[in-house]
Amino acid sequence: MRNSLLITLCLFAIHFANAQEQTLLRGAVTETTVTNDSLDISYSIYLPQNYDPEKLAKALFVFDPEGEGTKAARLFASGLQGEDFVIVSNNHPMSSTIDSLDANADNALLIVRDVFRKIAVDKYRVYFSGLKGGAKTASALSYIFKSSANLLLIDDMYFANRFANQAQRNLAIGVIGDASPNYYPMEDYFYMLKAYGKNNELYTYDDTSEWPSAAFLGTLVKRLDHLNVEHYNLKVEDSVWQRQASVDLNTVQGLINDGQLVVAYDLVRDLKGDYRGEVDLDPIREVQRSLRRSDAYKQAKRLSRKDEVQEGLLLDDISYFLEEDLALGNFKNLGYWDDRILQFKTAAQNPAKPIEQKVARRMLGYIDYTVKDFLALNRVALYDQRIFANVLKTILDPVDYQAYLDIISLAAQDEDENTAFFYLEELLKQGYTDYDKLYDIPDTEFVKIKPVYNQLIESYLGKSKF
């Protein structure tokens with residue numbers, strides 16, 4: 001994120017205004033709009049049935065990548081039925097373009113500020129959640145809160161070293177699909193977050209291509225709230241603890257019925273810790289014992305461990321050779337990576353072999369994550385290495401146009417005209433048609449006036465400048 005955005009965010013991060021008059025319905029989702037200059041941003045807001053404007057409210061901001069705010073707000077409201085959360089979600093789709101985090105965070109901030117103007121919010125009980133790109137936006141906003149932030153992140157997150165101090169104050173629960181391309185990045189992030197705080201927890205779910213079930217989401221938000229209650233030594237009535245424990249046990253049972261035995265066990269283990277000292281733990285212990293003794297759970301855990309060992313060996317090989325080839329810019333091994341990535345892509349599309357499909361998706365995600373991380377950390381010089389990394393990006397995604405443009409720019413800086421011409425043609429073969437952009441690639445002043453460069457553009461687009 002740009003420094004200018006961070007300055008803007010910091011100016012408004014802890015601005016909490018008293019409620020202003022607006023027709024918001026209790027027990028229902030209301031669609032409303034916030035206006036900034038000429039920009040109207042729609043969002044949905046749910047007020048609990050027992051909402052009291054004279055009391056500070058708990059606020060949950062949900063960022064949906066598709067902008068289905070009403071649907072997302074209702075999903076969480078269903079999972080948090082009977083709880084006193086104000087739930088807010090965006091109705092505008094989030095941008096997925098390069099460097100889109102700035103724009104998404106700007107729009108999210110406008111929503112947050114507007115809610116703070118309309119609702120009296122307890123600044124210590126603000127919660128952010130998001131799916132995929134929405135999870136990145138949620139985590140980005142959390143880093144500018146002076147008090148700690150509470151995060152429920154589904155299938156992705158955003159982190160940069162400059163936010164490490166704030167990240168250490170935040171509380172984060174993550175959910176990752178076991179076949180998600182973001183599996184290893186999320187594991188890495190939460191390995192780090194676990195060192196910051198023992199309560200930061202990552203759960204593996206069967207599928208996070210969409211939001212998980214309402215019950216599961218509701219229980220995880222309550223877990224965040226329970227940990228927050230403990231942190232601030234807040235008072236909660238015994239009847240509330242009893243009701244929540246009963247609902248959360250039903251969530252665990254639902255996961256068991258759905259065959260999600262490993263995550264069910266992990267969750268009931270953590271719930272036992274959350275409710276210790278607040279309710280009779282015997283029902284929770286009984287579910288945990290029953291699950292641990294079941295043949296189905298034992299088999300699921302055994303298969304999981306077996307798969308982890310085999311996949312770990314594969315990951316070690318991929319990691320070692322990838323890091324070595326990136327560091328050396330080893331173009332001699334491009335053929336190997338072309339074949340390897342093709343094998344993973346083929347396996348990732350084969351539902352007849354679900355284990356291989358899952359592993360392949362994880363590996364493709366790991367390669368993509370490692371390449372992008374290398375490029376983010378190495379922005380100057382190292383022409384061969386950065387060209388090599390971008391070539392890998394084109395193998396992973398043949399229509400990643402920016403990777404081709406970056407190769408052309410890097411090759412021109414390295415005075416390697418043949419590489420620049422080759423990847424210009426490869427870009428045009430993929431259907432790229434932005435004529436003006438081809439003459440505006442950074443650092444290509446001497447390449448773009450060459451006859452070969454212009455002949456290639458004219459042969460595909462029917463015209464050239466020089």
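What share of the contacts in the protein chain with a separation of 6 or more comes from residues 24 or more positions apart? The share is 65%. The model is predicted. The protein chain holds 18 helices and eight strands. Its radius of gyration is 25 Å, close to the 23 Å that the globule rule gives for 466 residues, so the chain is as compact as a globular protein of that length.

**Dimensions and burial**
- Along the principal axes, the C-alpha atoms of the protein chain fill a box of roughly 80 × 60 × 35 Å.
- Of the 466 residues in the protein chain, 52% are buried.

**Surface and charge**
- The protein chain has an accessible surface of about 22,600 Å².
- Carbon and sulfur atoms contribute 48% of that surface.
- Charged side chains in the protein chain number 51 positive and 68 negative.
- The centres of the positive and negative sets lie 5 Å apart.

**P442**
- The loop between α17 (435–438) and α18 (451–461) contains P442.
- Its relative accessible area is 47%. Buried means under 20% and exposed means over 50%, with partly exposed in between, so P442 counts as partly exposed.
- P442 and T35 are 407 residues apart in sequence. In space, P442 and T35 are 36 Å apart, C-alpha to C-alpha.

Key. Residues numbered from 1 in each chain as written. Predicted model: local features only at pLDDT ≥ 70, side-chain atom pairs only at ≥ 80, totals over all residues. Heavy atoms only, no water. Helix = DSSP H or I, 4+ residues; strand = E, 2+ residues; numbered from the N terminus. Rg over C-alpha atoms; globule rule 2.2 N^0.38 Å. Buried < 20%, exposed > 50% of the residue type's maximum accessible area, 1.4 Å probe, protein only. Contact = heavy atoms within 4.5 Å. Areas by Shrake-Rupley, 256 points an atom, 1.4 Å probe, with all protein chains shown as cover. Lys, Arg positive; Asp, Glu negative; His and termini not counted. Charge placed at Lys NZ, Arg CZ, Asp CG, Glu CD.
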